[in-house]
Each structure stands twice: as C-alpha cells, then as structure tokens.
Amino acid sequence: MPDSTESPSPTQESSEGTENSAAAAEAEFFDWVVTYKIPRLPQRPASPRSAARGWIEKHGPQLQAEYQTWLAGPQRDSTGHSGTPPPPRLPPPTEEAPDDRLRRYQALWQNPVCRSGIRKAIDDNPDWNLTIGPDGPQEKPDDNPEPSSS
C-alpha cells in the first residue's frame, strides 16, 4: 500500500506547472480578444465573452498570430500588460446651431454641477454671442440698440 504522505514526483509537479501556465496564457489570450478585438466589431454583441469564444473557434490561428504580434509590440509595459485599450473612434463633431446650443446650455444650467463648465465654454467662445444672466445662459443684448421710430 503506497504511503499517503509521499510527495508527488518531479514529473507530476512540472506537468501541473505547465498546465497552469498554459491555462493562464489561454485566459490572457481570451481577455485580449474580449478587450481589444470585440469592441472593434461593427455592432456590439449582447455577450462579448460569448462572441469572443465563437470568434476564437472560427479564427483562432489568425487571432493567435495577432496576439503574438501584440505581445511583442512596444505598447506593452514592463509588467506585460498594456494600459487601457485605445478609445473608440468617434464621428467628427457636427456643427451645432446657435439656438440649439442656447437651449442645451439653458437645460444643462438646471444642474449646478454643469454651471462652471457652461461658464467656461461661453467665456472661451465669444463668437457664440452668449452671456450668463440671472437665470442662466442667454443671448448677449445688442450694444447699439436701434432708435425707435415713435
């Protein structure tokens, strides 16, 4: 009968260590797909983790090659992890109509947290012809009122 206090043989220990490191590498690869590849899909999937599993099954070798290139890239720091993924590309800003801007700032003025930002935006953009009045943002009054014809 074998002794139950006997330690595992060195070959058993090394195979367990290899399995653990392979599992960790697989988990890191999966996390990379979820973090860097899934957000680039044209439509956000309902379950990014499920989409990643399916994508790895379908395009595993190609994704693995991209991952290896990423691992060797300069964007990684000394700990082996990159910071945050690059932000998604936003569409170019659209020009806002002056009346829409005024209405938006008047609505935002109701939230006291927004007021300092609104003041700064109005101060930084004199061409908007806006000022802060007693009730919030408003159009600047004309400096040269036309004489009334009475």
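In which sense do strand 1 and strand 2 pair, and over how many bridges? Strand 1 (residues 130–133) and strand 2 (residues 136–139) run in the antiparallel sense, joined over 4 bridges. Two strands count as paired if DSSP finds at least two bridges between them.

First, some ground rules. This is a predicted model, where local features need pLDDT of at least 70, side-chain atom pairs count only at pLDDT 80 or more, and totals for chains, interfaces and linings use all residues. Residues are numbered from 1 along each chain as its sequence is written, and side-chain values use heavy atoms, with hydrogens and water left out.

Now the overall plan. The protein chain has 4 helices and 2 strands. Read from the N terminus, the order is α-α-α-α-β-β. Helices (H or I, at least four residues) and strands (E, at least two) are DSSP runs, numbered from the N terminus. The chain has 150 residues, and 20% of them count as buried. Buried means under 20% relative accessible area, exposed means over 50%, and partly exposed lies in between (1.4 Å probe, protein chains only). A contact means heavy atoms within 4.5 Å. Take the contacts with a separation of 6 or more: 39% of them join residues 24 or more positions apart.

Look next at helix 2. This helix covers residues 48–72, which makes 25 residues. Its end C-alpha atoms are only 25 Å apart, while a straight helix would reach 36 Å at 1.5 Å a residue. The expected span is 1.5 Å times one less than the number of residues. Where is the kink in helix 2? The kink, of about 100 degrees, lies at His59, shortly before the proline Pro61. The bend at a residue is the angle between axes fitted to the seven residues ending there and the seven starting there. Several residues of helix 2 are buried, including Ala52, Ile56, Leu63, Tyr67 and Trp70. Gly60 in helix 2 is buried as well.

That leads to the core. A nonpolar core is a set of buried Ala, Val, Leu, Ile, Met, Phe, Trp, Tyr and Cys residues joined through side-chain atoms within 4.5 Å. The largest one has 12 residues, among them Phe29, Trp32, Ile38, Ala52, Leu63 and Trp70. Helix 1 (10–37) and helix 2 are the elements that give two or more residues to this core. Helix 1 supplies the largest share, 6 residues. Another core lies apart from it, with 8 residues that include Trp109, Ile118, Ala121 and Leu130. Back in the largest core, pick out Trp32. Leaving aside residues up to four places away in sequence, Trp32 touches Lys37, Leu63, Glu66, Tyr67 and Trp70.

Move on to helix 3 (residues 98–109). Pro98 sits in this helix and is exposed, at a relative accessible area of 55%. Pro98 and Asn129 are 31 residues apart in sequence, yet 8.9 Å apart in space, C-alpha to C-alpha. Arg101 also belongs to helix 3. Is Arg101 buried or exposed? Arg101 counts as buried, at 8% relative accessibility. Not counting residues up to four places away, Arg101 touches Glu95, Glu96, Trp128 and Leu130.

Charged pairs come next. Side chains of opposite charge can pair when their charged atoms come close. A salt bridge is a side-chain nitrogen of Lys or Arg within 4 Å of a carboxyl oxygen of Asp or Glu. The count here is 2 salt bridges. One joins Arg103 and Asp100, at 2.6 Å from N to O. These two residues are 3 residues apart in helix 3, so about one helical turn separates them. Asp100 is partly exposed, at 36% relative accessibility. Asp124 forms a salt bridge with Lys120, and their closest N and O atoms are 2.6 Å apart. Asp124 and Lys120 are 4 residues apart in helix 4 (residues 115–124), so they too are separated by about one helical turn. Asp124 counts as partly exposed at 47%, whereas Lys120 is exposed at 51%.

Finally, return to the strands. Strand 1 and strand 2 form a hairpin, with 2 residues between them. Gly133 has Gly136 as its bridge partner. Thr131 is partnered by Gln138. In a regular strand the side chains alternate between the two faces of the sheet.
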